[in-house]
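Hi,

Here is the structure I promised to pass on. Have a look at it first, and then read my notes below.

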Amino acid sequence: MATMEEQIKQIDEELRKTAYNKKSQHHIGRLKAKMAHLKEETERRRSGKGKSSGYAVKKSGNASVAIVGFPSVGKSTLLNQMTEAKSEVGSYDFTTLDVVPGLLEHRGAKIQILDLPGLIKDASKGKGRGREVISVVRTADMILLMIDVFETNLKVLTDELEIAGIRVNSRPPDVQVIKRTRGGIEVNSTVKLTKIDEDLVQEMLREFGIANADVVIREDVDEDRLVDALATNRHYVKAIVVINKTDLVTKAYLHEIEKRLKNWVVVPISAETNTNIETLKDKIFDTLDLVRLYMKPQGEEADMEEPLVLKKGTDVGGVCDSLHRDFRRKFRYALVWGKSAKFPGQIVGLDHVLEDGDIISIIVRR
Ligand SMILES: Nc1nc2c(ncn2[C@@H]2O[C@H](COP(=O)(O)OP(=O)(O)O)[C@@H](O)[C@H]2O)c(=O)[nH]1
Ligand SMILES: [Mg+2]
């Protein structure tokens, strides 16, 4: 009996040499599901072995951003430029062997920036402490994909993240799988499925070790999206591209690179000469989708110095939860001033969604 690693390798090879067409589609779909299932199993065993050799990074601030890039693209220089941190900068590869955190304070938000050891090809298979680096990337709210003006191919980076289950700038598939103890697999879809049929959905679930389940599909998924829906170790995160060392090239050269990367949000910078760093900070803030809320104790002035920084879409209930664990239970009403209020001082309930810059008073029972 082949070990799980061997089985994964075999499937990988078979997938590589099998051409995708109508006839092979089911076969490929089943292999992909089987492989994802095996990978999840091996991961579980690996992490179950106790002693982890990963990095322990203490979270701080309102959100965190991981800088991901090849060695020597300027990650440490950028961290030092944006924060008070002092990460070692070197002209040779692999200067940074640890995770170095720094705190960026921008527009009232405290954002943790993580300088990571450079990612290299096959990092997802463990090369260059790749697994540990990727496990830190998974904890971040956002990724800066950092490249050098002379080395602008993103594919190796995004492939490594992809293999590690990190999905950049996409949403989780709208597929619900409710496991049952019997009754087989029941598939229902609210949209027309043009890429895979219901039989294949059933076959793939079985390869994934699921024999009984209700499946509701609400988007036109392909095999890969279905596998993502079945896997539990997928991570969805936003990313922007940072092109560094622009001080070394002409505007025209840079323009060509930007044209090629038109599907990404791109920020050209020079970390060394401190060029366009403020724009980058703004882009990070915007991408993180944060709101700043100013608390006003009843009968007093609002605190305009230290906003409460929360995820966009947070309602009054969410604000209560972030203040005190008793607040939701004791909540009576709230008063709101700002963009989300119909008029200044509007009385609102727990499900009122707040907007950036709002001022809020929360009135609780004593
Ligand atoms: N010309 C230029 N060199 C830079 C820039 N940013 C970093 N470097 C240099 O690139 C080398 C690698 O930088 P480092 O921050 O250690 O890269 P890391 O390995 O990604 O952390 C160092 O020699 C830096 O001085 C930049 O914007 N322009
Ligand atoms: Mg470094």
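**What I found**

You'll find Ser340 in the loop between strand 13 (331-337) and strand 14 (346-348). Helices (H or I, at least four residues) and strands (E, at least two) are DSSP runs, numbered from the N terminus. Ser340 counts as buried, at 13% relative accessibility; buried means under 20% relative accessible area, exposed over 50%, and partly exposed in between (1.4 Å probe, protein chains only).

Before you go further, some housekeeping: this is a predicted model, where local features need pLDDT of at least 70 and side-chain atom pairs count only at pLDDT 80 or more, while totals for chains, interfaces and linings use all residues. Residues are numbered from 1 along each chain as its sequence is written, chains are lettered from A and ligands numbered from 1 in the order in which they are written, and side-chain values use heavy atoms, with hydrogens and water left out.

Now the ligand. Ligand 1 is surrounded by 17 residues, and the closest are Ser72, Lys75, Thr77, Asp247 and Glu272; a residue belongs here if one of its heavy atoms lies within 4 Å. That shell is made up of 5 nonpolar, 8 polar and 4 charged residues. Helix 3 (residues 75-82) gives the largest share of the shell, 3 residues.

Which atoms meet the oxygen atoms of ligand 1? A side-chain N or O atom of Glu272 is 2.6 Å from an oxygen atom of the ligand, a polar side-chain atom of Ser76 lies 2.9 Å from one, and a polar backbone atom of Val73 is 3.2 Å from one. On its own, ligand 1 has 580 Å² of accessible area, and the protein covers 88% of that. Accessible areas come from the Shrake-Rupley method with a 1.4 Å probe; for residues, only the protein chains shown count as cover.

On to charges: there are 25 salt bridges in the structure, each a side-chain nitrogen of Lys or Arg within 4 Å of a carboxyl oxygen of Asp or Glu. One of them pairs Lys110 with Glu306, with the closest N and O atoms 3.9 Å apart. That pair links distant parts of the chain, 196 residues apart: Lys110 is in strand 3 (residues 109-115), and Glu306 is in the loop between strand 11 (290-295) and strand 12 (308-311). Lys110 is partly exposed at 27%, whereas Glu306 is exposed at 53%. Arg329 and Asp326 form another salt bridge, at 3.3 Å between the closest N and O atoms.

Last, helix 6 (residues 198-207): Leu200, Val201, Glu203, Met204 and Leu205 are buried there. Gly209 follows helix 6 and has a positive phi, near 85°.

Cheers

Note on methods: Polar contact = N/O pair within 3.5 Å; in protein donor to acceptor, adjacent residues only side chain to side chain. Nonpolar A, V, L, I, M, F, W, Y, C, P; charged D, E, K, R; others polar.
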